[in-house]
Amino acid sequence: MKQLIKLLPLTALLFLLAGCGEVNLTSLDPQGPVAEMQLSLIKLSLYVMIFVIVIVFALFAFVLWRFKEKPGDTHIPKQVEGNHVLELIWTTVPILLLLIIAVPNVMDTFTLANVDADENSITVKVTGHQFWWEFEYPDHDVVAGQDMYIPTNTKIIVQLEASDVIHSFWVPALAGKQDNVPGITNDMWIKAINPGIYKGKCTELCGEAHWLMDFKVIAVEPEVFDQWITNMSQPADEPATATAEAGRDVFQASCIGCHAVGGVGGNPAVGGPDLTNFGERTVIAGFLEFNDENLEKWIRYPAETKPGNKMPGFNLNDEDMKALIEYMKGLKVLD
Ligand code: HEC
Ligand SMILES: [Cu+2]
(Lines give C-alpha, C1' and ligand atoms only; values in the text may rest on other atoms or scores of the structure.)
(Ligands and ions follow the chains in the order given, each with its own letter.)
Protein backbone atom coordinates (compact mmCIF):
# COMPACT_ATOMS: atom_id res chain seq x y z
CA MET A 1 0.00 0.00 0.00
CA LYS A 2 2.77 2.43 0.97
CA GLN A 3 4.50 1.76 -2.31
CA LEU A 4 1.28 2.39 -4.18
CA ILE A 5 0.90 5.74 -2.45
CA LYS A 6 4.46 6.66 -3.41
CA LEU A 7 3.57 5.93 -7.05
CA LEU A 8 0.58 8.27 -7.01
CA PRO A 9 2.37 11.54 -7.90
CA LEU A 10 4.17 9.75 -10.72
CA THR A 11 0.89 8.40 -12.09
CA ALA A 12 -0.67 11.84 -11.88
CA LEU A 13 2.29 13.27 -13.81
CA LEU A 14 1.87 10.61 -16.49
CA PHE A 15 -1.78 11.53 -16.94
CA LEU A 16 -0.82 15.20 -17.19
CA LEU A 17 1.85 14.51 -19.81
CA ALA A 18 -0.52 12.33 -21.81
CA GLY A 19 -2.71 15.41 -22.15
CA CYS A 20 0.03 17.52 -23.76
CA GLY A 21 1.24 15.80 -26.92
CA GLU A 22 0.73 17.41 -30.29
CA VAL A 23 -0.93 20.75 -30.71
CA ASN A 24 -4.59 20.57 -31.82
CA LEU A 25 -4.77 16.79 -31.57
CA THR A 26 -7.38 17.43 -28.89
CA SER A 27 -11.16 17.53 -28.60
CA LEU A 28 -10.94 20.13 -25.84
CA ASP A 29 -10.21 23.06 -28.18
CA PRO A 30 -12.92 22.72 -30.85
CA GLN A 31 -12.40 24.53 -34.17
CA GLY A 32 -15.80 23.94 -35.74
CA PRO A 33 -19.50 23.48 -34.87
CA VAL A 34 -19.42 19.66 -34.84
CA ALA A 35 -16.57 19.45 -32.35
CA GLU A 36 -18.18 22.25 -30.32
CA MET A 37 -21.48 20.38 -30.07
CA GLN A 38 -19.69 17.20 -29.04
CA LEU A 39 -17.60 18.97 -26.41
CA SER A 40 -20.69 20.63 -24.94
CA LEU A 41 -22.37 17.21 -24.63
CA ILE A 42 -19.29 15.81 -22.90
CA LYS A 43 -19.32 18.74 -20.49
CA LEU A 44 -23.04 18.42 -19.79
CA SER A 45 -22.71 14.72 -18.86
CA LEU A 46 -19.65 15.51 -16.78
CA TYR A 47 -21.45 18.24 -14.79
CA VAL A 48 -24.45 15.98 -14.14
CA MET A 49 -22.12 13.20 -12.97
CA ILE A 50 -20.19 15.57 -10.69
CA PHE A 51 -23.49 16.78 -9.22
CA VAL A 52 -24.59 13.17 -8.49
CA ILE A 53 -21.22 12.21 -6.99
CA VAL A 54 -21.13 15.27 -4.72
CA ILE A 55 -24.67 14.68 -3.41
CA VAL A 56 -24.14 10.93 -2.89
CA PHE A 57 -20.84 11.37 -1.07
CA ALA A 58 -22.22 14.20 1.06
CA LEU A 59 -25.20 12.05 2.11
CA PHE A 60 -22.89 9.13 2.77
CA ALA A 61 -20.60 11.20 4.99
CA PHE A 62 -23.58 12.70 6.81
CA VAL A 63 -25.08 9.27 7.50
CA LEU A 64 -21.74 7.89 8.75
CA TRP A 65 -21.40 10.78 11.14
CA ARG A 66 -25.03 11.13 12.27
CA PHE A 67 -25.81 7.44 12.85
CA LYS A 68 -22.49 6.28 14.24
CA GLU A 69 -23.02 3.90 17.14
CA LYS A 70 -22.19 5.61 20.41
CA PRO A 71 -21.45 3.95 23.80
CA GLY A 72 -24.69 3.34 25.59
CA ASP A 73 -26.87 3.45 22.44
CA THR A 74 -29.91 1.29 23.07
CA HIS A 75 -32.23 1.97 20.12
CA ILE A 76 -31.76 1.58 16.38
CA PRO A 77 -32.51 4.67 14.20
CA LYS A 78 -35.99 5.20 12.77
CA GLN A 79 -36.61 2.86 9.81
CA VAL A 80 -37.73 4.47 6.49
CA GLU A 81 -38.83 1.48 4.40
CA GLY A 82 -41.88 2.36 2.25
CA ASN A 83 -41.52 6.11 2.91
CA HIS A 84 -43.47 7.70 0.04
CA VAL A 85 -41.67 11.04 0.02
CA LEU A 86 -38.23 9.39 -0.15
CA GLU A 87 -39.35 6.93 -2.85
CA LEU A 88 -40.70 9.82 -4.93
CA ILE A 89 -37.48 11.82 -4.56
CA TRP A 90 -35.13 9.06 -5.59
CA THR A 91 -37.29 8.11 -8.55
CA THR A 92 -37.97 11.57 -9.98
CA VAL A 93 -34.53 13.14 -9.47
CA PRO A 94 -32.70 10.48 -11.56
CA ILE A 95 -35.44 10.71 -14.23
CA LEU A 96 -34.94 14.48 -14.38
CA LEU A 97 -31.15 14.11 -14.57
CA LEU A 98 -31.45 11.58 -17.39
CA LEU A 99 -33.80 13.92 -19.26
CA ILE A 100 -31.31 16.78 -18.87
CA ILE A 101 -28.71 14.57 -20.57
CA ALA A 102 -31.03 12.95 -23.11
CA VAL A 103 -32.80 15.95 -24.65
CA PRO A 104 -29.70 17.81 -25.92
CA ASN A 105 -28.08 14.49 -26.91
CA VAL A 106 -31.02 13.48 -29.09
CA MET A 107 -31.31 16.98 -30.59
CA ASP A 108 -27.59 17.15 -31.43
CA THR A 109 -27.62 13.61 -32.79
CA PHE A 110 -30.16 14.70 -35.41
CA THR A 111 -28.07 17.77 -36.27
CA LEU A 112 -24.90 15.67 -36.54
CA ALA A 113 -26.59 12.98 -38.62
CA ASN A 114 -27.90 15.52 -41.14
CA VAL A 115 -25.56 15.10 -44.10
CA ASP A 116 -27.92 16.80 -46.58
CA ALA A 117 -26.22 19.19 -48.96
CA ASP A 118 -26.85 22.91 -48.61
CA GLU A 119 -26.28 25.60 -51.26
CA ASN A 120 -22.49 25.76 -50.88
CA SER A 121 -21.60 22.45 -49.22
CA ILE A 122 -19.02 20.19 -50.83
CA THR A 123 -18.55 16.42 -50.72
CA VAL A 124 -15.25 14.67 -50.02
CA LYS A 125 -14.92 10.91 -50.31
CA VAL A 126 -12.30 9.77 -47.80
CA THR A 127 -10.80 6.34 -48.43
CA GLY A 128 -8.54 4.67 -45.88
CA HIS A 129 -5.77 2.47 -47.30
CA GLN A 130 -3.05 0.56 -45.48
CA PHE A 131 -1.41 3.03 -44.51
CA TRP A 132 -2.39 6.28 -46.17
CA TRP A 133 -5.40 8.46 -46.94
CA GLU A 134 -7.08 9.39 -50.18
CA PHE A 135 -9.38 12.41 -50.58
CA GLU A 136 -11.62 12.51 -53.61
CA TYR A 137 -13.73 15.53 -54.62
CA PRO A 138 -16.40 13.86 -56.81
CA ASP A 139 -18.04 17.14 -57.90
CA HIS A 140 -14.71 18.35 -59.31
CA ASP A 141 -13.02 15.17 -60.45
CA VAL A 142 -10.05 15.80 -58.18
CA VAL A 143 -8.13 13.25 -56.10
CA ALA A 144 -5.56 14.19 -53.46
CA GLY A 145 -3.35 12.14 -51.16
CA GLN A 146 -2.61 12.66 -47.45
CA ASP A 147 -3.70 16.33 -47.10
CA MET A 148 -7.43 17.07 -47.11
CA TYR A 149 -7.99 20.62 -48.36
CA ILE A 150 -11.33 22.16 -47.38
CA PRO A 151 -12.83 25.66 -47.62
CA THR A 152 -13.55 27.42 -44.29
CA ASN A 153 -17.10 28.04 -43.09
CA THR A 154 -18.48 25.47 -45.51
CA LYS A 155 -20.34 22.28 -44.68
CA ILE A 156 -18.11 19.41 -45.80
CA ILE A 157 -20.01 16.18 -46.33
CA VAL A 158 -17.53 13.39 -45.66
CA GLN A 159 -18.14 9.93 -47.12
CA LEU A 160 -15.96 7.36 -45.39
CA GLU A 161 -14.81 4.24 -47.20
CA ALA A 162 -11.92 1.76 -47.02
CA SER A 163 -10.12 -0.28 -49.66
CA ASP A 164 -8.74 -3.09 -47.48
CA VAL A 165 -9.46 -3.26 -43.75
CA ILE A 166 -11.31 -1.07 -41.26
CA HIS A 167 -9.73 2.33 -40.60
CA SER A 168 -11.11 5.23 -38.59
CA PHE A 169 -11.13 8.91 -39.51
CA TRP A 170 -10.39 11.22 -36.60
CA VAL A 171 -9.68 14.96 -36.64
CA PRO A 172 -10.24 15.81 -32.98
CA ALA A 173 -10.32 19.60 -33.47
CA LEU A 174 -13.17 19.24 -35.98
CA ALA A 175 -15.18 16.13 -35.04
CA GLY A 176 -15.28 12.82 -33.18
CA LYS A 177 -14.05 9.69 -34.90
CA GLN A 178 -15.97 7.53 -37.35
CA ASP A 179 -15.00 4.25 -39.02
CA ASN A 180 -14.03 3.63 -42.65
CA VAL A 181 -15.41 0.17 -43.37
CA PRO A 182 -14.77 -1.77 -46.61
CA GLY A 183 -17.96 -2.12 -48.63
CA ILE A 184 -19.91 0.43 -46.58
CA THR A 185 -20.13 4.22 -46.87
CA ASN A 186 -20.37 6.02 -43.53
CA ASP A 187 -21.43 9.67 -43.73
CA MET A 188 -20.55 12.54 -41.45
CA TRP A 189 -20.03 16.26 -41.82
CA ILE A 190 -17.44 18.74 -40.58
CA LYS A 191 -16.93 22.47 -40.77
CA ALA A 192 -13.83 24.51 -39.93
CA ILE A 193 -14.37 28.09 -38.83
CA ASN A 194 -10.81 29.40 -39.20
CA PRO A 195 -8.11 28.67 -41.75
CA GLY A 196 -5.60 26.30 -40.22
CA ILE A 197 -4.02 22.89 -40.24
CA TYR A 198 -5.89 20.31 -38.20
CA LYS A 199 -4.15 17.05 -37.45
CA GLY A 200 -5.83 13.73 -38.07
CA LYS A 201 -5.10 10.10 -37.24
CA CYS A 202 -6.33 6.65 -38.08
CA THR A 203 -7.83 5.36 -34.83
CA GLU A 204 -8.65 1.77 -35.75
CA LEU A 205 -5.77 -0.67 -35.42
CA CYS A 206 -5.35 -1.56 -39.11
CA GLY A 207 -1.96 -3.24 -39.33
CA GLU A 208 1.74 -2.80 -38.77
CA ALA A 209 2.06 0.89 -39.74
CA HIS A 210 -1.28 1.93 -38.23
CA TRP A 211 0.46 4.20 -35.74
CA LEU A 212 2.03 6.20 -38.58
CA MET A 213 -1.20 6.64 -40.55
CA ASP A 214 -1.46 10.38 -39.93
CA PHE A 215 -2.97 13.06 -42.15
CA LYS A 216 -3.94 16.71 -42.11
CA VAL A 217 -7.04 18.70 -42.80
CA ILE A 218 -5.92 21.98 -44.34
CA ALA A 219 -8.68 24.59 -44.11
CA VAL A 220 -8.23 27.57 -46.42
CA GLU A 221 -10.40 30.56 -47.42
CA PRO A 222 -12.99 29.57 -50.07
CA GLU A 223 -11.19 31.61 -52.80
CA VAL A 224 -7.94 29.73 -52.12
CA PHE A 225 -9.82 26.45 -52.15
CA ASP A 226 -11.37 27.23 -55.56
CA GLN A 227 -7.90 28.03 -56.87
CA TRP A 228 -6.61 24.74 -55.44
CA ILE A 229 -9.41 22.71 -57.05
CA THR A 230 -8.85 24.40 -60.44
CA ASN A 231 -5.11 23.81 -60.34
CA MET A 232 -5.42 20.22 -59.09
CA SER A 233 -7.64 19.32 -62.03
CA GLN A 234 -5.24 20.69 -64.62
CA PRO A 235 -2.33 18.84 -66.23
CA ALA A 236 0.90 19.27 -64.28
CA ASP A 237 3.12 22.28 -65.11
CA GLU A 238 6.28 21.65 -67.11
CA PRO A 239 9.30 21.06 -64.82
CA ALA A 240 11.10 24.34 -64.10
CA THR A 241 14.69 23.13 -64.67
CA ALA A 242 16.56 20.64 -66.86
CA THR A 243 17.36 18.54 -63.78
CA ALA A 244 13.69 18.42 -62.82
CA GLU A 245 12.88 17.42 -66.37
CA ALA A 246 15.32 14.52 -66.10
CA GLY A 247 13.63 13.70 -62.79
CA ARG A 248 10.28 13.55 -64.54
CA ASP A 249 11.69 10.90 -66.87
CA VAL A 250 12.78 8.82 -63.89
CA PHE A 251 9.34 9.27 -62.34
CA GLN A 252 7.60 8.19 -65.53
CA ALA A 253 9.82 5.14 -65.83
CA SER A 254 9.48 3.88 -62.24
CA CYS A 255 6.67 5.56 -60.32
CA ILE A 256 3.79 6.62 -62.59
CA GLY A 257 2.27 3.14 -62.49
CA CYS A 258 1.29 3.65 -58.84
CA HIS A 259 1.33 7.44 -58.34
CA ALA A 260 -0.77 9.82 -60.39
CA VAL A 261 0.42 13.37 -61.14
CA GLY A 262 -1.91 15.92 -62.78
CA GLY A 263 -4.52 13.28 -63.56
CA VAL A 264 -2.05 10.94 -65.32
CA GLY A 265 -0.99 7.56 -63.96
CA GLY A 266 -1.82 5.78 -60.73
CA ASN A 267 -3.50 2.45 -60.26
CA PRO A 268 -6.46 1.94 -57.96
CA ALA A 269 -5.51 -1.70 -57.27
CA VAL A 270 -1.89 -1.37 -56.13
CA GLY A 271 -1.52 2.42 -56.19
CA GLY A 272 -0.19 4.94 -53.73
CA PRO A 273 -1.11 8.54 -52.93
CA ASP A 274 -1.78 11.04 -55.72
CA LEU A 275 1.35 13.22 -55.88
CA THR A 276 0.00 16.19 -57.92
CA ASN A 277 0.72 18.62 -55.06
CA PHE A 278 3.41 16.57 -53.33
CA GLY A 279 5.80 19.57 -53.15
CA GLU A 280 3.35 21.24 -50.75
CA ARG A 281 3.35 18.46 -48.15
CA THR A 282 5.12 19.15 -44.86
CA VAL A 283 5.68 15.45 -44.17
CA ILE A 284 6.42 12.42 -46.31
CA ALA A 285 4.13 9.37 -46.02
CA GLY A 286 2.21 11.04 -43.20
CA PHE A 287 4.99 11.32 -40.65
CA LEU A 288 8.56 11.89 -41.99
CA GLU A 289 9.81 15.46 -41.93
CA PHE A 290 9.91 16.78 -45.51
CA ASN A 291 13.54 17.22 -46.65
CA ASP A 292 15.82 15.84 -49.37
CA GLU A 293 17.50 13.35 -47.08
CA ASN A 294 14.24 11.82 -45.87
CA LEU A 295 12.78 11.76 -49.36
CA GLU A 296 15.80 9.79 -50.58
CA LYS A 297 15.56 7.48 -47.59
CA TRP A 298 11.87 6.92 -48.33
CA ILE A 299 12.40 6.14 -52.01
CA ARG A 300 15.33 3.78 -51.30
CA TYR A 301 14.11 2.05 -48.13
CA PRO A 302 10.35 2.49 -47.64
CA ALA A 303 10.03 -0.90 -45.89
CA GLU A 304 12.56 0.04 -43.20
CA THR A 305 11.21 3.58 -42.86
CA LYS A 306 7.53 2.67 -42.39
CA PRO A 307 7.40 -1.06 -41.70
CA GLY A 308 4.45 -2.81 -43.32
CA ASN A 309 3.73 -0.22 -46.02
CA LYS A 310 3.17 -1.35 -49.60
CA MET A 311 5.66 0.74 -51.56
CA PRO A 312 8.65 -1.12 -53.07
CA GLY A 313 12.12 0.39 -52.65
CA PHE A 314 14.09 1.84 -55.61
CA ASN A 315 17.83 1.54 -55.88
CA LEU A 316 18.48 4.51 -58.21
CA ASN A 317 21.90 5.93 -59.03
CA ASP A 318 22.78 9.23 -57.37
CA GLU A 319 22.21 11.35 -60.46
CA ASP A 320 18.72 9.95 -61.08
CA MET A 321 17.89 10.27 -57.38
CA LYS A 322 18.93 13.93 -57.31
CA ALA A 323 16.88 14.70 -60.42
CA LEU A 324 13.85 12.78 -59.09
CA ILE A 325 13.94 14.68 -55.81
CA GLU A 326 14.17 18.03 -57.58
CA TYR A 327 11.21 17.08 -59.78
CA MET A 328 9.12 15.93 -56.80
CA LYS A 329 9.78 19.06 -54.77
CA GLY A 330 8.53 21.11 -57.73
CA LEU A 331 5.12 19.39 -57.77
CA LYS A 332 3.03 22.32 -56.52
CA VAL A 333 -0.37 23.75 -57.36
CA LEU A 334 -0.64 26.78 -55.04
CA ASP A 335 1.99 29.52 -55.20
C1 HEC B 1 3.82 -0.64 -56.50
C2 HEC B 1 3.34 0.70 -56.30
C3 HEC B 1 4.33 1.83 -56.06
C4 HEC B 1 5.38 2.24 -56.85
C5 HEC B 1 5.86 1.62 -58.14
C6 HEC B 1 5.90 3.43 -56.22
N7 HEC B 1 5.20 3.70 -55.09
FE8 HEC B 1 5.47 5.31 -53.90
N9 HEC B 1 3.99 4.68 -52.66
C10 HEC B 1 3.27 3.52 -52.85
C11 HEC B 1 2.39 3.35 -51.72
C12 HEC B 1 1.43 2.19 -51.51
C13 HEC B 1 2.60 4.45 -50.87
C14 HEC B 1 1.93 4.73 -49.54
C15 HEC B 1 2.81 4.19 -48.44
C16 HEC B 1 2.25 4.46 -47.07
O17 HEC B 1 2.39 5.60 -46.61
O18 HEC B 1 1.67 3.54 -46.50
C19 HEC B 1 3.60 5.27 -51.52
C20 HEC B 1 4.05 6.48 -50.97
C21 HEC B 1 4.98 7.29 -51.60
C22 HEC B 1 5.37 8.59 -51.13
C23 HEC B 1 4.78 9.34 -49.95
C24 HEC B 1 3.64 10.14 -50.49
C25 HEC B 1 2.99 11.15 -49.61
O26 HEC B 1 2.01 11.73 -50.05
O27 HEC B 1 3.43 11.40 -48.49
C28 HEC B 1 6.31 9.06 -51.99
C29 HEC B 1 7.03 10.39 -51.92
C30 HEC B 1 6.52 8.05 -53.00
N31 HEC B 1 5.68 6.98 -52.73
C32 HEC B 1 7.41 8.15 -54.02
C33 HEC B 1 7.59 7.20 -55.01
C34 HEC B 1 8.58 7.30 -56.05
C35 HEC B 1 9.52 8.46 -56.24
C36 HEC B 1 8.45 6.17 -56.80
C37 HEC B 1 9.29 5.78 -58.00
C38 HEC B 1 10.70 5.79 -57.82
C39 HEC B 1 7.39 5.37 -56.23
N40 HEC B 1 6.91 6.01 -55.13
C41 HEC B 1 6.95 4.16 -56.73
C42 HEC B 1 3.31 2.67 -53.91
C43 HEC B 1 4.23 2.75 -54.95
CU1 LIG C 1 -5.69 2.77 -40.62
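Which domains does the domain assignment of the protein give?

## Domains and model

The assignment gives domain 1 (24-62 + 80-222) and domain 2 (242-329), with bounds that come from an automatic or database domain assignment. The centres of domain 1 and domain 2, taken over C-alpha atoms, are separated by 34 Å. Their contact takes 14 residues from domain 1 and 17 residues from domain 2, where contact means heavy atoms within 4.5 Å.

This is a predicted model, in which local features need pLDDT of at least 70 and side-chain atom pairs count only at pLDDT 80 or more, while totals for chains, interfaces and linings use all residues. Residues are numbered from 1 along each chain as its sequence is written, chains are lettered from A and ligands numbered from 1 in the order in which they are written, and side-chain values use heavy atoms, with hydrogens and water left out.

Ligand 1 has 27 residues around it, of which Cys-255, Cys-258, His-259, Ala-285 and Met-311 come nearest; a residue is near a molecule or strand if one of its heavy atoms lies within 4 Å of it. The shell divides into 18 nonpolar, six polar and three charged residues. In this classification Ala, Val, Leu, Ile, Met, Phe, Trp, Tyr, Cys and Pro count as nonpolar, Asp, Glu, Lys and Arg as charged, and the others, Gly among them, as polar. Domain 1 and domain 2 each give at least three residues to the shell. Helix H6 (292-300) and helix H8 (318-329) each supply at least two, and the largest share, three residues, comes from H6. Helices (H or I, at least four residues) and strands (E, at least two) are DSSP runs, numbered from the N terminus.

Oxygen atoms of ligand 1 take part in polar contacts, defined as pairs of N or O atoms within 3.5 Å; within protein, one must be able to donate a hydrogen and the other to accept it, and residues adjacent in sequence count only if both atoms are side-chain atoms. A polar backbone atom of Ala-285 is 2.6 Å from a ligand oxygen. For Arg-281, an N or O atom of the side chain is 2.7 Å from an oxygen atom of the ligand. For Phe-131, a backbone N or O atom lies 3.2 Å from a ligand oxygen.

## Loops between strands

Phe-131 lies in the loop between strand E1 (122-129) and strand E2 (132-137).

Asp-141 is placed in the loop between E2 and strand E3 (142-145). Asp-141 has a phi near 60°, a positive value in a residue other than glycine.

## Helix packing

Helix H2 (residues 33-66) packs against helix H3 (residues 84-113) at an angle of about 170°, with their axes 10 Å apart. H2 is therefore roughly antiparallel to H3. Axes are lines fitted to C-alpha atoms, for helices over the stretch in contact, and angles run from 0 to 180 degrees between N-to-C directions. Angles under 35 degrees count as roughly parallel, over 145 as roughly antiparallel, 65 to 115 as roughly perpendicular and the rest as oblique.

Helix H5 (residues 242-254) and H8 pack at about 100°, their axes 7 Å apart, so H5 is roughly perpendicular to H8. The residues of this contact divide into eight nonpolar, two polar and three charged.
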